[in-house]
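Student: I would like to go through this model and ask what lies behind the terms used for it. Please set each value against its cut-off.

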Amino acid sequence: LAYCGLPPETSIPVRIQHGWQPGLGMRPQDMTQPGPKIVWSSRNLTRAQEAGYREAVAVGAPCLYLEDEAGQDAAHDRSVLVVPFHGWEQASLGGTMHAYAEALAALVAEGLGPITVCLYWFEYEQPALREVFESRGFATTTMGHRNDNPEFLRRQRALIRKHRFVTSNR
């Protein structure tokens, strides 16, 4: 909104892609809702068009529209930011993250690291879930609540810039 010169309280009356998504950029049931859809990449746009959705527009990831901030280089040549798939307020994760944490430990054994695991606030507030990663020596953090939070994207970009690599299990 700021990039377009619009007031922060401006409502965007279309469906916008949430996070890095494979395929269409959003769930098929979201794509069938009336009105245009905003996706992040030409890859998402192509997939949506291939699936028959014609009202999608690719605009790039929202963090690309933030003002540039200098001096945020990766702290370590092999540092990794891990952003696991997450639940949300109305649907928690099923299963555990133990196998994923073990796979990350294998990356450390291969010379990657340090590793920081960024959990959605909902999972971050669960000590047992944080412990799955922290017990293996990984730092854990969260970007906080995303809804109506103008600092969310800035924190996301700062975290990404502090790491050489970014990965997810999705």
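Student: Which residues make the nonpolar surface patch?

Tutor: This is a predicted model. In it, Tyr-3, Val-57, Val-59, Leu-64 and Tyr-65 make a nonpolar surface patch of about 510 Å².

Student: Why is Leu-64 called exposed?

Tutor: The relative accessible area of Leu-64 is 63%. Exposed means over 50%, so Leu-64 is exposed. Leu-64 lies in the loop between E3 and strand E4 (80-82).

Student: What makes E2 and E3 a pair?

Tutor: Strand E2 (residues 37-39) and E3 are joined by 3 bridges in the parallel sense. Pairing requires at least two bridges, so E2 and E3 count as paired. Within this pair, Val-39 stands opposite Ala-58 in E3.

Student: What is the strand order of the open sheet that holds E1, E2 and E3?

Tutor: The order is E1-E2-E3, with parallel pairing.

Student: Why are E1 and E3 said to stand at the edges?

Tutor: Strand E1 (15-16) and strand E3 (56-58) each have a single partner strand, so one side of each is left without a neighbour in the sheet.

Student: Where does helix H2 lie relative to these strands?

Tutor: Helix H2 (residues 42-50) lies across E2 and E3, and runs at about 160° to E3.

Student: How do you know that E5 pairs with E4 and with E6?

Tutor: E4 and E5 share 3 bridges in the parallel sense. E5 and E6 also pair in the parallel sense, over 3 bridges. The requirement is at least two bridges, so both pairings qualify. As examples, Thr-116 in E5 is the bridge partner of Leu-81, and Cys-118 stands opposite Thr-141 in E6.

Student: Which way do the residues of E5 point, and are they buried or exposed?

Tutor: Ile-115 and Val-117 point one way from E5, while Thr-116 and Cys-118 point the other way. All of them are buried.

Student: What covers the buried residues of H6?

Tutor: The cover includes E4, strand E5 (115-118) and strand E6 (139-141). The buried residues of helix H6 (residues 152-161) are Phe-152, Gln-156, Arg-157, Ala-158 and Leu-159.

Student: Why is Arg-130 called buried?

Tutor: Arg-130 has a relative accessibility of 19%. Buried means under 20%, so Arg-130 counts as buried. The place of Arg-130 is in helix H5 (residues 127-134). Leaving aside neighbours within four places in sequence, Arg-130 is in contact with Leu-119, Tyr-124, Glu-125 and Thr-140.

Student: What makes the pair Asp-30 and Arg-27 a salt bridge?

Tutor: The N to O distance between the side chains of Asp-30 and Arg-27 is 2.9 Å. The cut-off is within 4 Å, so the pair is a salt bridge.

Student: Are Asp-30 and Arg-27 buried or partly exposed?

Tutor: Asp-30, at 6% relative accessibility, counts as buried, because buried means under 20%. Arg-27 has a relative accessible area of 46%.

Student: What makes Glu-102 and Arg-136 a salt bridge?

Tutor: The closest N and O atoms of Glu-102 and Arg-136 are 2.7 Å apart. That value is within 4 Å, so the pair is a salt bridge. The pair links distant parts of the chain, with Glu-102 in helix H3 (residues 98-109) and Arg-136 in the loop between H5 and E6, 34 residues apart. Glu-102 counts as partly exposed at 45%, and Arg-136 is partly exposed at 26%.

Student: How many salt bridges does a search of the whole structure find?

Tutor: The search finds 6 salt bridges.

Terms used
Residues numbered from 1 in each chain as written. Predicted model: local features only at pLDDT ≥ 70, side-chain atom pairs only at ≥ 80, totals over all residues. Heavy atoms only, no water. Helix = DSSP H or I, 4+ residues; strand = E, 2+ residues; numbered from the N terminus. Contact = heavy atoms within 4.5 Å. Axes fitted to C-alpha atoms, helices over the stretch in contact; angles between N-to-C directions. Patch = residues over 30% accessible without salt bridge, like charges linked within 9 Å, V, L, I, M, F, W, Y side chains within 5 Å. Areas by Shrake-Rupley, 256 points an atom, 1.4 Å probe, with all protein chains shown as cover. Buried < 20%, exposed > 50% of the residue type's maximum accessible area, 1.4 Å probe, protein only.
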